[in-house]
Amino acid sequence: MGLKTITSSLSKNDLAHLGAGEVGYIRKMRSEEVSRCFPEAPEMGPGIDLWALFAADGTPILLTDNRSSTFFKAAEDDLRTVSLH
């Protein structure tokens, strides 16, 4: 039995938009990382654990210190959530 080669017909643009409007991901962050993803966020002291909700394409949606808030916002926006570790 031979192996079949699978080739992707998705472009980078298609892949970037996979799950758009349907999937969001939740990620734990440290305050030191915030300015990279949320440039408009105020300055914070180091060592603070935060939670962020992002759209499937990486667009930031919400930053909070309360993990539950990310799930509430995702539900409000009709997004299925996944967590990244």
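Predicted model: local features only at pLDDT ≥ 70, side-chain atom pairs only at ≥ 80, totals over all residues.

**The hairpin**

I began with the strands and found E2 (residues 49–55) running antiparallel to E3 (residues 60–64), with four bridges joining the two. I then picked alanine 52 and looked for its bridge partner in E3, which turned out to be leucine 63. E2 and E3 make a hairpin, and four residues sit between them. In that turn I checked glycine 58, whose phi is positive, about 95°.

**The cores**

Next I asked which residues make up the largest nonpolar core. I listed eight: Tyr25, Met29, Val34, Cys37, Phe38, Leu50, Ala52 and Phe54. Strand E1 (23–30), helix H2 (34–37) and E2 each supply at least two residues of this core. E2 gives the most, with three. As a reminder, nonpolar side chains in soluble globular proteins tend to be buried together. I also found a second, separate core of five residues, including Ile26, Trp51, Ala74 and Leu79.

I went back to leucine 50 and looked up its contacts, skipping neighbours within four places in sequence. Among them are Met29, Val34, Met44 and Leu63, and also Arg27, Lys28 and Asp65.

**The pocket**

Last, I turned to the largest pocket, which holds about 150 Å³ of space. What kinds of residues form its lining? I read off seven nonpolar, three polar and two charged. The lining includes Ser31, Glu32, Val34, Phe38, Glu43, Met44 and Pro46. Val34 and Phe38 were already on my page, as members of the largest nonpolar core.

Terms used:
Residues numbered from 1 in each chain as written. Heavy atoms only, no water. 1 Å grid on protein atoms, 1.4 Å probe; cavity = no way out; pocket = protein on both sides within 12 Å on 5 of 7 lines; lining within 4 Å. Points joined across faces, edges and corners; volume = space filled by probe spheres on them. Nonpolar A, V, L, I, M, F, W, Y, C, P; charged D, E, K, R; others polar. Pairing = 2+ DSSP bridges. Core = buried A, V, L, I, M, F, W, Y, C linked by side-chain atoms within 4.5 Å. Buried < 20%, exposed > 50% of the residue type's maximum accessible area, 1.4 Å probe, protein only. Contact = heavy atoms within 4.5 Å.
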